[in-house]
Amino acid sequence: MTKPSPESLKRAEELRSALDEHNYRYYVLDDPGVPDAEYDRLFRELQKLEADHPELASDDSPTRRVGSKAETSFEEVVHRLPMLSLDNAFSEDELRDFDRRVRERLGSDNDVEYVCEPKLDGLAVSLHYEQGSLIRAATRGDGYAGEDITANIRTIPSVPLRLRGNSVPELVEVRGEVYMPKVGFEALNSRLENQGEKAFVNPRNAAAGSLRQKKSTVTAKRPLEMCAYSVAVTDESQLPDTQWACLQQVQRWGFRINPEMRKAQGASECLLAYEELMQKRDALPYGIDGIVFKVNRLDYQKALGFVSRAPRWAIAQKFPAQEELTVIEDVEFQVGRTGAVTPVARLKPVFVGGVTVSNATLHNMDEIRRLDVRIGDTVFVRRAGDVIPKVVKVVTEKRPANAKVVELPKQCPVCDSDVVQIEGEAVARCSGGLFCPAQRKEAIRHYASRKALDIEGLGDKWIDILVDQGMVKTVADIYLLTARNLTRLDRMGEKSASNLVAAIDRSREPVLWRFLYALGIREVGEATAKSLASHFGSLEEVAKADEESLIAVQDVGPIVAGHIRSFFEQPHNRETLDALRDAGVKWQEEVITAGAKPLHGQTWVLTGTLSELTRDEAREKLEALGAKVAGSVSKKTACVVAGEAAGSKLAKAEQLGVEILNEQGLLEMLKEHELL
Ligand code: 5U1
């Protein structure tokens, strides 16, 4: 170890300032100033300097965010000022009452100005800074005393370790919410599950669990963020005079503040802000459970004061809960198109996420075992946005003595064929194939769906009726339907019948890839169907291809090749194809045969905004030239088309040396190939 030279001292300080600045832009302003690679280089340089000269190290160095393996003891911290809770308004009337009380107390007839802030679904924390450096962080606890979580808080990149700017008061306390963004939560849970560890029920629990880790090195790996919502200083005259301006000040000091916050004049505008935020709720990258309205002027806040533990100048209006408790009344098994036998929980109806929910998917037997769900259990049900309701946790303390273990049925609940489960696969399947009406209906539904052969008018209702009445057993039978026999069905008028027959007729000459996709071969989606069609050129070639030649096709691996083989080996599938041909269905062969397409075998990526074409049009044209269009850039990408405001994909292409084409270049190429 050598004594640090004045140059290394200066360089360490320069690096810390630069890294602080980059952190601020990245985590607070959402506006990165340098690419990640440059940030990493600066970070490593500082790490090396500090390792070579430990006396250079400082607690507020950005390198200290990696945490420590020492165990935290979470000592008690008594809050200098109690951490208040908020009263809740559950209806418009309750919010208007709150506003009326505010105006009465202030003796004002005019609209009061409020700041409307999203109420993040996380954990409240209090952070103390002395001379601009973070010295202590605490949880809310019971509002009077919390736990010291300084070591863990230090690892959160959006928490400044030292405040920015020159005019920082001697003592500052900033309060806010620590939360885990939705994407980070999903990634953390899949990581935990892969490691055989228990997943978290929701992002809030994940944030709480992460802050309570004894080793801050573990917290450092958790995707936590912090958003500030209030500030207190020793000398109040140093603060601006509104909540809004205080938050701007806090942002200048280096904290993230919520970009959705806004001002509102009076209760009516607050209610509008509530509605607008609720509309946005599911699209936000983090969970929120309501909106907080705060009187903007701090002198008004002071005049209004507190009652018991809540301020009279603020209120939270809650959104409908996305998680509720209910009871599992039964577990039934459903059979899908591919024969997958899926357990579905029948629930005591419960209002959650804005709707009444009485069913929730349980995915498969592994999930049932993981959650240890039994019939009769009280469970947490979660429904966020349009997502299918999910059972996320069992309250084992509430388990009744007669709770029933869920067993996979041995026979298919629809056709009574054996249910089989292949070793290593989570999904159990009915072995009945197209003999099973459930699979038959699903196969027909898929065949007629918009992305497949798009037979308008052949929806779920009619498919159920046609299959139940025995008029349609396979997709080939669709082409034998006539307006005459259709009108015999209850509630099928002449007009609907002839429209349906016309729609069926229009589907008689599909392009090959659509027809292949419509067959519903397991794991053959649109992209794979397109690759198969352009590689083999005809259905006969696909049907007779062996596994080796199938694997040579883009997108097709051994598993998909196996599914394709077994589809064409099943006699009933071959019979259906013959029957389709006999019924006059003529799938078109690909005009350009394998290998002859100019971009065959190449993967292209579209990024940024195109002005002359939509993304879908560009993709279709590239696919017509034989390219596969992917969503991410890798070393294997042949070319990236970069439109206006292209971002990280363009940067990655540059970094990997992948060929880049601007929109003009794309248009010229398409013209050369007579596609424009
Ligand atoms: N956005 C926001 N959340 N939240 C929670 N502001 C806010 N204010 C709170 C709480 C508990 O308390 C105030 C009394 C500072």
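# Close-up views of a predicted protein model

**Salt bridges across the whole structure.** A search through the whole of this structure, which is a predicted model, finds 47 salt bridges. The protein chain that holds them has 24 helices and 26 strands, and its C-alpha atoms fill a box of roughly 90 × 60 × 50 Å when taken along the principal axes. Of the 676 residues in the protein chain, 46% are buried. Among contacts in the chain between residues at least 6 apart in sequence, 66% join residues at least 24 apart.

**The five domains of the chain.** The domain assignment divides the protein chain into domain 1 (6-66), domain 2 (88-318), domain 3 (324-405), domain 4 (410-592) and domain 5 (603-672).

**The interface of domain 1 and domain 2.** The C-alpha centres of domain 1 and domain 2 lie 27 Å apart, and the contact takes 16 residues from domain 1 and 19 residues from domain 2. The size of an interface is often given as the accessible area lost when the parts come together. Between domain 1 and domain 2 the buried area is about 1,500 Å², and carbon and sulfur atoms give 43% of that area. On the side of domain 1, the residues Y27, D60 and R65 supply 46% of the area that this domain buries against domain 2, which is more than any other three residues supply.

**Charged and polar pairs between domain 1 and domain 2.** Three salt bridges are found across the interface of domain 1 and domain 2, and the count of residue pairs in polar contact between these two domains is ten. The residues on the side of domain 1 that touches domain 2 divide into eight charged, five nonpolar and three polar. In a salt bridge between D20 and R162, the closest N and O atoms are 3.0 Å apart.

**R256 and E225, a pair of buried residues.** The side chains of R256 and E225 meet in a salt bridge, with a distance of 3.6 Å from N to O. Because R256 lies in the loop between α8 (243-252) and β9 (262-265), while E225 belongs to strand β8 (residues 225-233), the pair ties together parts that are 31 residues apart in sequence. R256 is buried, its relative accessible area being 9%, and E225 is likewise buried, with a relative accessible area of 17%.

**K544 and E541 within one helix.** K544 forms a salt bridge with E541, in which the closest N and O atoms are 3.2 Å apart. The two residues are three residues apart in helix α18 (residues 539-544), and K544 and E541 are therefore separated by about one helical turn. K544 is exposed, with a relative accessible area of 58%, whereas E541 is partly exposed, with a relative accessible area of 33%.

**A network of salt bridges.** Here the charged residues K441, E442, R445, D460, D464 and D468 are linked with one another in a network of salt bridges.

**The surroundings of N202.** N202 lies in the loop between α5 (182-194) and α6 (203-211), and at 9% relative accessibility N202 counts as buried. The side chain of N202 reaches the backbone nitrogen of N205 at 2.8 Å, and a polar contact of 2.9 Å joins the side chain of N202 to that of E323. When residues up to four places away in sequence are not counted, N202 touches F185, E323 and R382.

Key:
Residues numbered from 1 in each chain as written. Predicted model: local features only at pLDDT ≥ 70, side-chain atom pairs only at ≥ 80, totals over all residues. Heavy atoms only, no water. Domains from an automatic or database assignment. Contact = heavy atoms within 4.5 Å. Buried area = accessible area lost by both parts, 1.4 Å probe. Salt bridge = Lys/Arg side-chain N within 4 Å of Asp/Glu carboxyl O. Polar contact = N/O pair within 3.5 Å; in protein donor to acceptor, adjacent residues only side chain to side chain. Nonpolar A, V, L, I, M, F, W, Y, C, P; charged D, E, K, R; others polar. Helix = DSSP H or I, 4+ residues; strand = E, 2+ residues; numbered from the N terminus. Buried < 20%, exposed > 50% of the residue type's maximum accessible area, 1.4 Å probe, protein only.
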